[in-house]
Amino acid sequence: MLQRSADSADDAAELSRLEARLPPLLSIIAGMVDFTGFFTLGHIFTAHVTGNIVLAAVVAVDGGSFHWAQLLAIPVFMLTLATVWLIAQASGRHGSSLARLLLRVQFLVLAALLIFSVITRPSADAAGSRAGAAAMIAVSAMACQYALLRLALPGAISTAVMTGNLANAVLSAIDLLAPRTPLLPHDSTPLGRSLHRLLGFIFGCVAAAAAVSVLGDWAWSLPAALSAVAVAVR
């Protein structure tokens, strides 16, 4: 009984450390994947997947070239979420152990994306089927990250959808500077956490921009490498 309690306390402590250390790194990965996918794979959002609906609607109203992957990204994202849920359910893991497993899944998907991109060079034809396939793999990698946060790190806030983090950062900053009683609840997201994720995502975009200009399709090696680092975080 004492051993079980000690193991539970250790797992809770490790989970708390992961919730503090992983999200900034995952935000950088999300920024890299989103920028690289949008810039090289036919203007497809691979992290902000709902943005693809807006892009498709713009094409429908204003004309222009339509990329089938912009709409396919939504069901692929949903299907991957369901698949990751099944993996988590079948594993029987919880907490930090489940987080480790899902980090490995994300790394394997990003490694597959890197291999596919290096072999097929999808950026050479951003409107082609190879670019669409690469974009769907990238969307799947981001779905793994979303599922990881919801299933294994419920205390962490989003690392890919930055609108919420920007709103939290602005409102928290105003609350801190206001001379009157703060309006935000005491348990709301702290300013530092939102800023770390927001700045991490921006840094990931900037780093990806430099990598794409120098490395081309090899730019996918950056998020794959950082994903491997995330697996090793202790």
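**View 1. The chain as a whole.** The secondary structure comes to eight helices and zero strands, where helices (H or I, at least four residues) and strands (E, at least two) are DSSP runs numbered from the N terminus. This is a predicted model, in which local features need pLDDT of at least 70 and side-chain atom pairs count only at pLDDT 80 or more, while totals for chains, interfaces and linings use all residues. Residues are numbered from 1 along each chain as its sequence is written, and side-chain values use heavy atoms, with hydrogens and water left out. Of the 234 residues, 44% count as buried (under 20% relative accessible area, 1.4 Å probe, protein chains only). Among contacts (heavy atoms within 4.5 Å) between residues at least 6 apart in sequence, 75% join residues at least 24 apart.

**View 2. Helix H3 against helix H5.** The axes of H3 (residues 69-91) and H5 (residues 129-151) come within 8 Å and cross at roughly 45°; axes are lines fitted to C-alpha atoms, for helices over the stretch in contact, and angles run from 0 to 180 degrees between N-to-C directions. The two helices are therefore oblique to each other (angles under 35 degrees count as roughly parallel, over 145 as roughly antiparallel, 65 to 115 as roughly perpendicular and the rest as oblique). By class, the contact of H3 with H5 has 17 nonpolar, three polar and no charged residues; Ala, Val, Leu, Ile, Met, Phe, Trp, Tyr, Cys and Pro count as nonpolar, Asp, Glu, Lys and Arg as charged, and the others, Gly among them, as polar. On the H3 side the residues include Phe77 and Trp85, and on the H5 side Met136 and Tyr146.

**View 3. Helix H4 against helix H5.** The axes of H4 and H5 come within 9 Å and cross at roughly 170°. H4 and H5 are therefore roughly antiparallel. Residues of this contact divide into 19 nonpolar, five polar and one charged.

**View 4. The Gln106 and Gln145 pair.** Gln106 is found in H4 (residues 95-120), and Gln145 in H5. Gln106 is buried, with a relative accessible area of 1%; Gln145 is also buried, with a value of 1%. Their side chains are joined by a polar contact of 2.9 Å (a pair of N or O atoms within 3.5 Å; within protein, one must be able to donate a hydrogen and the other to accept it, and residues adjacent in sequence count only if both atoms are side-chain atoms). Leaving aside neighbours within four places in sequence, Gln106 is in contact with residues including Leu26, Ile29, Met142 and Ser227. Gln145 and Ser27 are 118 residues apart in sequence and 9.7 Å apart in space, C-alpha to C-alpha.

Notes
Buried < 20%, exposed > 50% of the residue type's maximum accessible area, 1.4 Å probe, protein only.
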